[in-house]
Amino acid sequence: MTTDVERAVHDYLSHLGVERGLADNTLRSYRRDLRRYLEFLHARELTSPTEIGEADIGAFLGSLRIGNAEHVPLGTASAARTIVAVRGLHRFLLREQIVSIDVTTAIKPPRPAARLPKALPLSDIEALLDAAGAPGTTLSARDRSLLEVLYGTGARISEAVGLDIDDLDLEESTVLLRGKGGKQRIVPLGSYARQSLEDYLTASRPALVSVHTGAPAVFLNARGGRLSRQSAWTVLTRAAKRAGLTVDVSPHTLRHSFATHLLDGGADVRVVQELLGHASVTTTQIYTLVTVEKLREIYATAHPRASRQVDL
């Protein structure tokens, strides 16, 4: 039998998917986090939203870090994400007048330590791109073009594989990216990414699309269908291995490198925010920490009075 609180969670998830248009991946995260919350409430025999108090929310936060027989303890970032989902649920309950107060108001998600994004030096980026196109086949032309687009636009992997032919404007050197929550943005294409796309679309893609006529996707797999995120990830890891890169490389590595290299080159953080599709400049500002760290290293090694030296 479905309890009132289970029904409330179902309605909230429907609200997120239908009215707010959250992406499928984000919805899956919310659903997973709220399932854990429901299990906690069930163990406390709390079946109605009106029965939940501030002490229950605090206890749930503590349980995330301790874990139990069913769940391993969560790290700071995962615990913070789960609390955000729970707070969103209770704000929804208040807005829908299911409860009279928001019991999560005083609960603050744990703050994860700021982690600097990993960015590759330009020499590694060039080696990676060269390795992707090295075999000189139809698929290698696609692979090179995919990685050029990822690094040249800062696109998320889902945005890149989601590109359709109509999203490209090669005459204007722009591409339309569809980001989180259905938000769209137009991003310029650099000359290298544009040339790589033109070469792929002209010489290689027709050989793939002929197997699956009418496919609108830009990046196709060997059967002519749309390239998946998992396959795009494989393209990158294989290229990194061929390039001899010893660091872990992911699609987000190229996105981080795109942002960091722009800031190193003097780009304004607000411009980078727009290009990345961040809703808040606060998210983008973590990349400025990378630049500050680089400046600090240069200063420490180049300035004669950067460090105190003792003459013996």
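Guide: Start with what the second largest pocket is lined with: eleven nonpolar, five polar and four charged residues. Here Ala, Val, Leu, Ile, Met, Phe, Trp, Tyr, Cys and Pro count as nonpolar, Asp, Glu, Lys and Arg as charged, and the rest, Gly included, as polar. The model is predicted, so local features need pLDDT of at least 70 and side-chain atom pairs 80 or more, while totals for chains, interfaces and linings use all residues. Numbering starts from 1 along each chain as its sequence is written, and side-chain values use heavy atoms, without hydrogens or water.

Visitor: What volume does the second largest pocket have, and which residues are closest to its centre?

Guide: A pocket is an open set of points on a 1 Å grid where a 1.4 Å probe fits, with protein on both sides within 12 Å along at least five of seven lines; lining residues have an atom within 4 Å of a point. This one has about 400 Å³, the space filled by probe spheres set on the points. Leu122, Glu148, Tyr151, Gly152 and Tyr192 come closest to the centre, out of 20 lining residues.

Visitor: Which elements each supply at least two lining residues?

Guide: H5, H6 (138–153), strand E3 (184–188), H8 (191–209) and H10 do. Helices (H or I, at least four residues) and strands (E, at least two) are DSSP runs, numbered from the N terminus.

Visitor: Which residues of H5 meet H10?

Guide: Contact means heavy atoms within 4.5 Å. Leu122, Ile125 and Leu128 in H5 meet Leu254, Ser257 and His261 in H10. That contact has four nonpolar, two polar and no charged residues.
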